[in-house]
Amino acid sequence: MKNKTITAQENFDRFMYRMVIRRRIIILLLSVASILLYFVHIRLPLVPRIFSIEFSEFPELLLTFTYGPFYGVAVCVIKNVIHSVIMGNTVIPDVANLISETVFLLVAGLCSSRLSDAAAVKYKGRLTKSKRVKNKTLASLTAILAQSVVQFAVTNVFLYPMLAGSFPEAYSKAALLYNYNIVTGNLRTYLPGALASLVPNINSTLVGVLLVNIPITVFKLVIISAFTLLIYYLIIPLFFKKKPPLNPELQ
């Protein structure tokens, strides 16, 4: 029996089919990882439980950088909906989280795309790993700034007023200020005298969000971005495979 000769077109079609399957598997795995990570909250030292953090944006940001912001935002929406359904009483914070995360992912994805397009023109389509990561680093920093601004507004205008109405004991102004001043008090305890005197008492939620919530969020997003860029750099070959050449007659 004669061996069938594989044409360039058939080889190309097989390659594209394998890449589609690989893409679907990667999206599925990262989506599941994001949903699971959203349920794992880590309590930071020196701060009350109310300011605990989670790292579910890591798979979303990796999807955003790899396949575009649509995939990251889609996973973000699904994650928050599932969390609200399972937990039952987290709709308000989940909506606030969805808004701020969507801004982060959209800005990161769009900035990364713009920078990559500009670099592709400049370097005639030859983008090295280091150039890709540099562009995504700049995109991440821009996205962190954008989310910080949006989170400040959403927390003060939407999140805290809604939580105070639904959970008046836990989220009254007095309760929030108490938690904020626990943070500042703990900082004074561990800082030298000269630095401790610079830590202010927090007398308004606006100041509390600015001095506590935003730095915690920035800290979290910097870690997520750094880890995402490291993983992205290591597994770029998994995402970007060189396509086999087509037969000139078929092009």
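**View 1. S225 and its contacts.** Neighbours within four places in sequence aside, S225 touches L61, F104, S140 and I144; contact means heavy atoms within 4.5 Å. S225 lies in helix α8 (residues 205–239). Helices are DSSP runs (H or I, at least four residues), numbered from the N terminus. S225 has 4% relative accessibility, so it counts as buried. Buried means under 20% relative accessible area, exposed over 50%, and partly exposed in between (1.4 Å probe, protein chains only). The model is predicted: local features need pLDDT of at least 70, side-chain atom pairs count only at pLDDT 80 or more, and totals for chains, interfaces and linings use all residues. Residues are numbered from 1 along each chain as its sequence is written, and side-chain values use heavy atoms, with hydrogens and water left out.

**View 2. Helices α3 and α4.** Two packed helices are described by the angle between their axes and the distance between the axes. The axes of α3 (residues 69–87) and α4 (residues 91–122) come within 9 Å and cross at roughly 170°. Axes are lines fitted to C-alpha atoms, for helices over the stretch in contact, and angles run from 0 to 180 degrees between N-to-C directions. The two helices are therefore roughly antiparallel to each other. Angles over 145 degrees count as roughly antiparallel, under 35 as roughly parallel, 65 to 115 as roughly perpendicular, and the rest as oblique. From α3, the contact includes P69, G72 and V73. From α4, it includes V91, D94 and N97. The contact residues divide into eight nonpolar, seven polar and three charged. Ala, Val, Leu, Ile, Met, Phe, Trp, Tyr, Cys and Pro count as nonpolar, Asp, Glu, Lys and Arg as charged, and the others, Gly among them, as polar.

**View 3. Helices α4 and α5.** α4 packs with α5 (residues 129–166) at an angle of about 165°, their axes 8 Å apart. That makes α4 roughly antiparallel to α5. Their contact has 23 nonpolar, nine polar and two charged residues.

**View 4. Helix α6.** Helix α6 covers residues 173–190. At 1.5 Å a residue, its 18 residues should span 26 Å. The expected span is 1.5 Å times one less than the number of residues. The end C-alpha atoms are 26 Å apart, which agrees. The buried residues of α6 are A175, L176, L177, N179, Y180, V183 and T184.

**View 5. L46 in a loop.** L46 sits in the loop between α1 (8–37) and α2 (57–67). L46 is not a glycine, yet it has a positive phi of about 75°. With a relative accessible area of 32%, L46 is partly exposed.
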